Amino acid sequence: EGFWGTLIMLVVIYPIAYMIPGSDHGSYENFFESCIGLWNNPDLFRVAVGYLFAITTYNVAAIFVTSLLESVWRSILENFRPIAVWGTDLVLF
């Protein structure tokens, strides 16, 4: 997660996944093909940008909660998140 997670994925995990034989143009995961697919499909690009925006907003809100209240409230809200997702999913379906 964050800088170190991105660095490890780009430098360690993706090269290993690229060298493992598989069905994605001859490798287990072809990072370059994934990037091309992301740039050439506007719907997929919008979903990726929306996801990035949602995660960034969530993390910034968590930082504000921690700075304005206490870390205990952040822990309570973190534990409430699965219940909120489950309840939203229940309402939608």
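Glu-78 is partly exposed, with a relative accessible area of 26%, where partly exposed lies between buried, under 20% relative accessible area, and exposed, over 50% (1.4 Å probe, protein chains only). This residue forms a salt bridge with Arg-81 and takes part in the contact of α4 with α3. The model is a predicted one, in which local features need pLDDT of at least 70 and side-chain atom pairs count only at pLDDT 80 or more, while totals for chains, interfaces and linings use all residues. Residues are numbered from 1 along each chain as its sequence is written, and side-chain values use heavy atoms, with hydrogens and water left out.

**Salt bridges**

- The structure holds 2 salt bridges, a salt bridge being a side-chain nitrogen of Lys or Arg within 4 Å of a carboxyl oxygen of Asp or Glu.
- Side chains of opposite charge can pair when their charged atoms come close.
- In the pair formed by Arg-81 and Glu-78, the closest N and O atoms are 3.0 Å apart.
- Both Arg-81 and Glu-78 belong to helix α4, where they are 3 residues apart, about one turn of the helix; helices (H or I, at least four residues) and strands (E, at least two) are DSSP runs, numbered from the N terminus.
- Arg-81 is partly exposed, at a relative accessible area of 40%.
- Asp-43 forms a salt bridge with Arg-46, and their closest N and O atoms are 2.4 Å apart.
- Because Asp-43 and Arg-46 are 3 residues apart in helix α3, about one helical turn separates them.
- Arg-46 has a relative accessible area of 54% and is therefore exposed.

**Packing of α3 and α4**

- Two packed helices are described by the angle between their axes and the distance between the axes.
- Helix α3 (residues 42-68) packs with helix α4 (residues 71-92) at an angle of about 145°, and their axes are 8 Å apart; axes are lines fitted to C-alpha atoms, for helices over the stretch in contact, and angles run from 0 to 180 degrees between N-to-C directions.
- From α3, the contact (heavy atoms within 4.5 Å) involves Tyr-58, Ala-62, Val-65 and Thr-66.
- From α4, the contact involves Ser-71, Trp-73, Arg-74, Leu-77, Glu-78 and Arg-81.
- By class, this contact has 5 nonpolar, 2 polar and 3 charged residues; Ala, Val, Leu, Ile, Met, Phe, Trp, Tyr, Cys and Pro count as nonpolar, Asp, Glu, Lys and Arg as charged, and the others, Gly among them, as polar.

**Helix lengths and bends**

- Helix α1 (residues 2-19) has 18 residues and should span 26 Å at 1.5 Å a residue, which agrees with the 25 Å between its end C-alpha atoms; the expected span is 1.5 Å times one less than the number of residues.
- A kink of about 40° in α1 is centred on Met-9; the bend at a residue is the angle between axes fitted to the seven residues ending there and the seven starting there.
- Helix α4, with 22 residues, reaches 31 Å from its first C-alpha to its last, close to the 32 Å expected at 1.5 Å a residue.
- At Phe-80, α4 bends by about 35°, and the proline Pro-82 follows within four residues.

**Individual residues**

- Ser-27 is found in the loop between α1 and α2 (31-40), and its relative accessibility of 2% counts as buried.
- Leaving aside neighbours within four places in sequence, Ser-27 is in contact with Ala-17, Tyr-18, Ile-20, Pro-21 and Gly-22.
- Val-85 lies in helix α4 and is exposed, with a relative accessible area of 52%.
- Between the C-alpha atoms of Val-85 and Gly-22, 63 residues apart along the chain, the separation is 34 Å.
- Val-49, in helix α3, counts as partly exposed at 44% relative accessibility.
- Val-11, in helix α1, is exposed, with a relative accessible area of 55%.
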